[in-house]
Amino acid sequence: MPYILLVEDNQDNADLVIRILEPAGFEIHHVVKGLDAAPAAKAHRPDLILLDFNLPDIDGRNLILTLKRQLGREKAPPIVAVTARTGQIDEMIAERFGCVAFVRKPFDPAEFLALVLRLAPVNQPDSSSIKVNNG
């Protein structure tokens with residue numbers, strides 16, 4: 001079962017991500033504070049990190065650098081920016097800081113699930129039969 005670290009300070013957003021991903025076979029560990037992400041990632045190395053940029057205690061871009069430094073730049077799991085920041089510049093910055101994808105909130109649940117399945121495949125014979133519960 002792929003393990004995902006979700007770094008999200010908004011509980012409603014976190015609940016939505018969890019409702020989408022858990023039924024698809026993902027184990028989710030949710031942290032509210034960005035500063036809790038690096039210790040959580042070191043303790044239980046995730047297959048994927050979903051990271052909000054707008055965190056109250058640390059800017060998401062700085063957190064990416066911290067995570068990559070602590071987990072090993074080349075060995076760090078893929079990081080996906082999941083953010084309400086919608087500008088093209090924000091997407092370019094996320095890419096420069098090392099994110100493999102940029103998801104704008106609000107997002108389409110089926111598209112989000114498809115992205116996550118590409119980045120952290122679930123060992124299932126047919127993942128196309130997974131239903132998305134978005135509310």
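Which residues does V103 touch, not counting residues up to four places away in sequence? I started my notes with that one. The model I have open is a predicted one, and in it V103 touches V80, A81, V82, T83, F112 and L115.

**Entry 1: staying with V103**

I looked up where V103 sits, and it lies in strand 5. Its relative accessibility is 10%, so with the cut-off for buried set at under 20%, V103 counts as buried. I also checked V103 against A84, which is 19 residues away along the chain. Their C-alpha atoms are separated by 8.5 Å.

**Entry 2: stepping back to the whole chain**

I went through the elements next and found five helices and five strands. Reading from the N terminus, I get the order β-α-β-α-β-α-β-α-β-α. The radius of gyration is 14 Å, close to the 14 Å from the globule rule for 135 residues, so I can call the protein as compact as a globular protein of that length. I noted the box too: the C-alpha atoms fill roughly 35 × 30 × 25 Å along the principal axes.

Then I looked at contacts between residues at least 6 apart in sequence, and 64% of them join residues at least 24 apart.

For charges, I have 15 positive and 18 negative ones, and their mean positions are 7 Å apart.

**Entry 3: the nonpolar cores**

Which residues touch the most other members of the largest nonpolar core? I wrote down L21, F26, L50 and F112, out of 25 residues in that core. I then listed the elements that each supply at least two residues of this core: strand 1 (3-7), helix 1 (11-21), strand 3 (48-51), strand 4 (79-83), strand 5 (101-104) and helix 5 (109-119). Helix 1 gives the largest share, six residues.

Leaving out residues up to four places away in sequence, F26 touches M1, P2, I4, L21, L113, V116, L117, A120 and V122.

**Entry 4: I20**

Is I20 buried or exposed? I20 is buried, and its relative accessible area is 0%. I placed I20 in helix 1. I also looked at I20 and P109, which are 89 residues apart in sequence and 6.8 Å apart in space, C-alpha to C-alpha.

**Entry 5: R85**

I found R85 in the loop between strand 4 and helix 4 (88-97). Setting aside neighbours within four places in sequence, R85 is in contact with F53, N54, D59, R61, D90, F102 and R104. I then went from R85 to N123: the two are 38 residues apart in sequence, and their C-alpha atoms are 32 Å apart in space.

**Entry 6: a peptide bond to flag**

Which residues does a cis peptide bond join? I have K105 and P106, with omega at about -5°. I flagged this one because most peptide bonds are trans. P106 is found in the loop between strand 5 and helix 5.

Methods: Residues are numbered from 1 along each chain as its sequence is written. This is a predicted model: local features need pLDDT of at least 70, side-chain atom pairs count only at pLDDT 80 or more; totals for chains, interfaces and linings use all residues. Side-chain values use heavy atoms; hydrogens and water are left out. Helices (H or I, at least four residues) and strands (E, at least two) are DSSP runs, numbered from the N terminus. The radius of gyration is taken over C-alpha atoms; the globule rule is 2.2 Å times the number of residues to the power 0.38. Contact means heavy atoms within 4.5 Å. Lys and Arg count as positive and Asp and Glu as negative; His and the chain ends are not counted. The place of a charge is taken as NZ of Lys, CZ of Arg, CG of Asp or CD of Glu. A nonpolar core is a set of buried Ala, Val, Leu, Ile, Met, Phe, Trp, Tyr and Cys residues joined through side-chain atoms within 4.5 Å. Buried means under 20% relative accessible area, exposed over 50%, partly exposed in between (1.4 Å probe, protein chains only).
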